[in-house]
Amino acid sequence: MSITAARRAWLTDLPVLLVAVVWGSSYLAAKGVTTTQTVLAVLVLRFGIVLPVLVVAGWRKLRALSGTQVRGAGILGLILAGIFLLETYGIVHTSATNAGLIISLTMIFTPIAESRMRGTTLSRSFVAAAGLSVLGVLLLTQGAGFSEPSLGDLLMLGAAVARTVHVLAMSRMKSVQGADSLSMTTIQLGSAVMVFVLLVGMPGTGGTPWAAAADFGAGQWLWLLYLSVFCTLFAFFAQMWAVRRTSPSRVSLLLGTEPVWAAVVGITLAGDQPGWFGLLGVLLILAGTAWGRVAAVPQQAAVGRAEPTGSVVEPAEPDGADTGLKTAGRA
């Protein structure tokens, strides 16, 4: 590779790597702005800021969607709402480090679920990698000593399962295949926000978005804007830009570093102290998910599909058309 080509590759990789970094830090950001009483309010505000931008940016293609595609995206949006609810309530009740690492199990759960659905056999390498990751989660949730996992840990585990369902639904719903990615994302987020708004109106679900916004200090507003602008808008458009300039596998591998950054941010900035068991668990999870991504590639190549992970974009078609890009639970 020439120096010029290497420089171009680095310039393409850098925005994607930054997406992984901001996603890894999003768990700390969510903890900084969310309490048990403001989960729904924060979700409404976070995506309420984003939706108008997405609608304006993709209005022409949004209008071109068929009714079937709109309904399919709406169904996916309901699953997405469940993911965000589990994640956000989970983050409130666990550490930023635990949240970021437990959710990375989607990269293990998705190939396992897909193999069950297709009737294929997982390689021994992948099974070993999955076992390593699960052992890592067990150690991580123990902290300095053996105890029951926290409510937040269990909710994040549920979110990882929900992300897997979202990935598989996207891959198998014929109504959304080939649809414009920006339009699909807009409808999914719109559907999710409708769910959050309906839940806010129910008694016992916390304060309204307006009341929460009025109580926010400068620091909380900065965290909220960080989640909206960087973890959502920047992340989505950076992926769209990069996947057209490099291979989907390269984008996937870079985004797969998210749990690394979640651990780094949680331990260094949030002051998380997982203890010796927890630190060993961190290493096992990172090793297991990285190994699992590599071990899953031959099986996925055999069925002619791109790598289905929790944070992988769908590949662009050869003619440059979108395939309905949407990350699982990340927006």
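**Exercise 1. Find how many cavities of 30 Å³ or more the whole structure holds, and describe the lining of the largest cavity.**

Step 1. The search of the whole structure gives four cavities of 30 Å³ or more. A cavity is a set of points, on a 1 Å grid over the protein atoms alone, where a 1.4 Å probe fits but cannot get out; lining residues have an atom within 4 Å of a point. The structure is a predicted model, in which local features need pLDDT of at least 70 and side-chain atom pairs pLDDT 80 or more, while totals for chains, interfaces and linings use all residues. Residues are numbered from 1 along each chain, and side-chain values use heavy atoms, with hydrogens and water left out.

Step 2. The largest cavity contains about 150 Å³ of space, a volume being the space filled by probe spheres set on the points, which are joined across faces, edges and corners. Its lining has 13 residues, and Ala30, Arg46, Glu87, Thr88 and Ile91 are the closest to its centre.

Step 3. Sort the lining by type: seven nonpolar, three polar and three charged. Here Ala, Val, Leu, Ile, Met, Phe, Trp, Tyr, Cys and Pro are nonpolar, Asp, Glu, Lys and Arg charged, and the others, Gly among them, polar.

Step 4. Sort the lining by helix (a DSSP run of H or I, at least four residues, numbered from the N terminus). H1 (3–33), H2 (39–57) and H4 (67–92) each supply at least two residues, and H4 gives the most, with four.

**Exercise 2. Decide whether Gln188 is buried or exposed, and find the side chain that it contacts.**

Step 1. Gln188 belongs to helix H9 (residues 181–200).

Step 2. Its relative accessibility is 1%, so Gln188 is buried; buried means under 20% relative accessible area, exposed over 50% and partly exposed in between, with a 1.4 Å probe and protein chains only.

Step 3. The side chain of Gln188 makes a polar contact of 2.8 Å with that of His166. Such a contact is a pair of N or O atoms within 3.5 Å; within protein, one must be able to donate a hydrogen and the other to accept it, and residues adjacent in sequence count only if both atoms are side-chain atoms.

**Exercise 3. Classify the ring pair of Trp223 and Tyr226.**

Step 1. The structure holds five aromatic pairs. Rings of Phe, Tyr and Trp (its six-membered ring) pair if their centres lie within 6.5 Å; planes under 30 degrees apart are stacked, over 60 edge-to-face and the rest tilted.

Step 2. For Trp223 and Tyr226 the centres are 6.3 Å apart and the planes at 80 degrees, so the pair is edge-to-face.

Technical notes:
On a 1 Å grid over the protein atoms alone, a cavity is a set of points where a 1.4 Å probe fits but cannot get out, and a pocket is an open set with protein on both sides within 12 Å along at least five of seven lines; lining residues have an atom within 4 Å of a point.
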